[in-house]
Amino acid sequence: MTQIATKFVKWDIPELATLQDSKVYKLRVHLNNRGKLNREEKTGLPVTCGKASISDVE
């Protein structure tokens with residue numbers, strides 16, 4: 001299985017297995033398997049201009 005995420009912070013974070021039902025996790029798996037996003041999936045993604053954004057897209 002392809003690695004989905006890498007821990008890059010020092011504080012505790014939830015186990016990745018607890019996130020498997022989230023929309024973001026499912027999209028990442030789909031993309032890692034060389035899938036393409038359809039219009040509905042693209043519309044659900046957060047969009048920002050010129051800065052990073054962390055957003056819950058569920």
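Here is a short walk through this structure, from the whole chain down to a few single residues.

What you see is a predicted model, where local features need pLDDT of at least 70 and side-chain atom pairs count only at pLDDT 80 or more, while totals for chains, interfaces and linings use all residues. Numbering starts from 1 along each chain as its sequence is written, and side-chain values use heavy atoms, with hydrogens and water left out.

Let's begin with the overall picture. The protein has two helices and zero strands; these are DSSP runs numbered from the N terminus, with helices being H or I of at least four residues and strands being E of at least two. Of its 58 residues, 10% are buried, where buried means under 20% relative accessible area, exposed means over 50%, and partly exposed lies in between (1.4 Å probe, protein chains only). The protein exposes about 5500 Å², and 54% of that comes from carbon and sulfur atoms; the areas come from the Shrake-Rupley method with a 1.4 Å probe, and for residues only the protein chains shown count as cover. Now for contacts, meaning heavy atoms within 4.5 Å: among those between residues at least 6 apart in sequence, 35% join residues at least 24 apart.

Next, look at the segment before α1. Serine 22 sits there, and it counts as buried because its relative accessible area is 18%. Its side chain reaches the backbone oxygen of leucine 19 at 2.8 Å. Threonine 18 belongs to the segment before α1 too, but threonine 18 counts as exposed because its relative accessible area is 56%. The side chain of threonine 18 reaches the backbone oxygen of glutamate 15 at 2.6 Å.

Most residues other than glycine have a negative phi. Arginine 34 counts as exposed because its relative accessible area is 77%.

Finally, step into helix α2, where you'll find glutamate 41. Glutamate 41 is buried yet has no salt bridge, that is, a side-chain nitrogen of Lys or Arg within 4 Å of a carboxyl oxygen of Asp or Glu. The nearest side chain of opposite charge is lysine 23, 7.9 Å away; Lys and Arg count as positive and Asp and Glu as negative, with His and the chain ends not counted. So what does glutamate 41 touch, not counting residues up to four places away in sequence? The answer is Leu27, His30 and Lys36.

How values were computed. A polar contact is a pair of N or O atoms within 3.5 Å; within protein, one must be able to donate a hydrogen and the other to accept it, and residues adjacent in sequence count only if both atoms are side-chain atoms.
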